[in-house]
Amino acid sequence: MPRKPKMQTSNDLIRENCEWPMTAGQVAKLTGVTTRALQHYDEKGLLCPKRSGEGVANNRKLYSPKDVDRLKQIVVLSSYGFELKDMPPILDGERSLTDALAERIEELRARERYLQHLILFARYAGIVGDDLFETLAFGTSEVDAFAELVRSSPAYADKAIRWESMDDTGLEHLWDELGAIIVDFLGGEDEDPFAHIESTVRRLRTWFCTYFFEVDDLDLLGIWTLFEDGSEEAEFASEVGGEATPGFLQSAVFLVWLKSMISELSAMAEAEAGDDAESSLAENQVVALVDFVCRSCGYPVPEAAELDSNEWGTMVEFFETVAGYLQNAFEDKEIATLIDPDGESVVDGALFERMAQAAREVELFPERG
């Protein structure tokens with residue numbers, strides 16, 4: 001079988017079709033690198049071509065094919081973010097170019113993941129209605145308020161007692177498990193970013209149920225509150241992954257919760273409304289929705305016999321907050337696509353506004369004359 005002819009590379013073509021040596025102007029025209037940059041590389045000792053003659057009036061830099069090859073490497077390394085001071089070992093063969101690029105690519109991937117988390121956090125801050133800078137620096141006010149509610153619950157009090165009874169080994173294992181979840185979350189390379197977020201939240205839920213108290217699949221806001229500003233968990237997450245990590249974890253939990261709530265409430269609304277998506281919600285339907293949302297979010301709903309107008313009003317306020325989050329999520333097209341990529345939801349943000357409006361109009365405790 002005849003051997004295939006060797007393919008010519010761009011370097012081969014340059015060597016064969018250009019006149020050597022080249023001046024700085026010719027190299028600049030050939031490569032697109034400015035003469036100012038060539039001068040800078042010379043001053044830094046990175047690319048020092050021979051001269052036409054010391055002490056001669058026209059003592060010009062004369063570039064060889066090897067100089068142009070070295071220049072190409074400098075350009076590639078610069079495009080991948082290498083600083084000039086870090087290039088000599090690579091250019092001189094003291095460090096493998098392949099290894100250096102592989103290491104840099106991994107750093108860039110880590111940066112890419114960080115930026116993805118940062119973008120999601122910005123979306124999350126927009127949904128909860130807080131100022132982005134305030135949220136990034138001090139956490140979300142809604143989280144702090146809900147955390148206070150959760151921490152006053154009997155289940156949370158039982159958690160505190162259990163933690164106090166744990167020995168050093170048990171506590172170390174507890175934090176090690178959480179640390180592993182955080183590291184995997186920040187370093188994940190799943191092709192589907194939201195699938196990776198969902199996986200992280202499932203692991204957080206398992207960890208929460210093990211060391212805090214049992215919650216159902218929808219009750220994720222308790223986990224959301226773990227990373228409120230100043231909490232032990234938030235401080236630990238900051239130590240593991242950096243100061244922005246608690247916010248990234250909050251946004252991850254919140255987005256998975258949004259997806260779950262939208263799915264459940266869409267199914268409920270569709271079942272109640274039938275074919276008429278614009279039909280008004282009956283009072284008993286509204287009461288069921290408010291009760292469902294509050295219980296699903298871990299809100300300490302009192303027994304019906306203990307319910308009064310003030311408590312019902314507080315529940316409605318909480319429900320309105322949740323409905324507002326859901327409405328804002330639908331208005332953010334990027335988030336809506338992320339949590340419902342196939343467009344399977346039969347509702348939109350207007351439904352949740354109608355739910356909130358209907359809840360405000362329910363009068364379970366009319367004033368008696």
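**View 1. Glutamate 106 and arginine 113 meet in a salt bridge.** In this predicted model, the side chains of the two residues come to 3.3 Å, N to O. Side chains of opposite charge can pair when their charged atoms come close. A search of the whole structure finds 15 salt bridges, and the next two views show others.

**View 2. Arginine 360 pairs with glutamate 320 in a salt bridge.** Here the closest N and O atoms are 2.4 Å apart. Arginine 360 belongs to helix α18 (residues 349-361) and glutamate 320 to helix α16, so this pair ties together parts that are 40 residues apart in sequence. Arginine 360 is partly exposed, with a relative accessible area of 38%. Glutamate 320 also counts as partly exposed, at 24% relative accessibility.

**View 3. Lysine 85 forms a salt bridge with aspartate 86.** The closest N and O atoms of this pair lie 3.3 Å apart. Lysine 85 counts as exposed, at 60% relative accessibility, and aspartate 86 as partly exposed, at 35%. Elsewhere, Asp42, Arg51 and Lys61 are linked in a network of salt bridges.

**View 4. Tryptophan 207 and tyrosine 211 bring their rings together in helix α11.** Welcome to the aromatic pairs, of which the structure holds 16. In this one the ring centres are 5.8 Å apart and the planes stand at 50°, so the pair is tilted. Both residues lie in helix α11 (residues 193-211), four residues apart, which is about one turn of the helix. Tryptophan 207 and tyrosine 211 are both buried.

**View 5. Phenylalanine 254 and tyrosine 325 form an edge-to-face pair.** Centre to centre, the rings are 5.2 Å apart, with 75° between their planes. This pair links distant parts of the chain: phenylalanine 254 sits in helix α14 (residues 245-273) and tyrosine 325 in helix α16 (residues 309-331), 71 residues apart. Both residues are buried. They also belong to a cluster joined by ring pairs, whose members include Tyr114, Phe121, Trp224 and Trp257.

**View 6. Lysine 159 places its charged end over the ring of tryptophan 163.** The distance from that charged end to the ring centre is 3.6 Å. Stepping back to the whole chain, you can find 18 helices and two strands. Of its 369 residues, 39% count as buried.

Technical notes. Residues are numbered from 1 along each chain as its sequence is written. This is a predicted model: local features need pLDDT of at least 70, side-chain atom pairs count only at pLDDT 80 or more; totals for chains, interfaces and linings use all residues. Side-chain values use heavy atoms; hydrogens and water are left out. Rings of Phe, Tyr and Trp (its six-membered ring) pair if their centres lie within 6.5 Å; planes under 30 degrees apart count as stacked, over 60 as edge-to-face and the rest as tilted. Buried means under 20% relative accessible area, exposed over 50%, partly exposed in between (1.4 Å probe, protein chains only). A charge sits over a ring if NZ of Lys or CZ of Arg is within 6 Å of the ring centre and within 35 degrees of the ring normal. A salt bridge is a side-chain nitrogen of Lys or Arg within 4 Å of a carboxyl oxygen of Asp or Glu.
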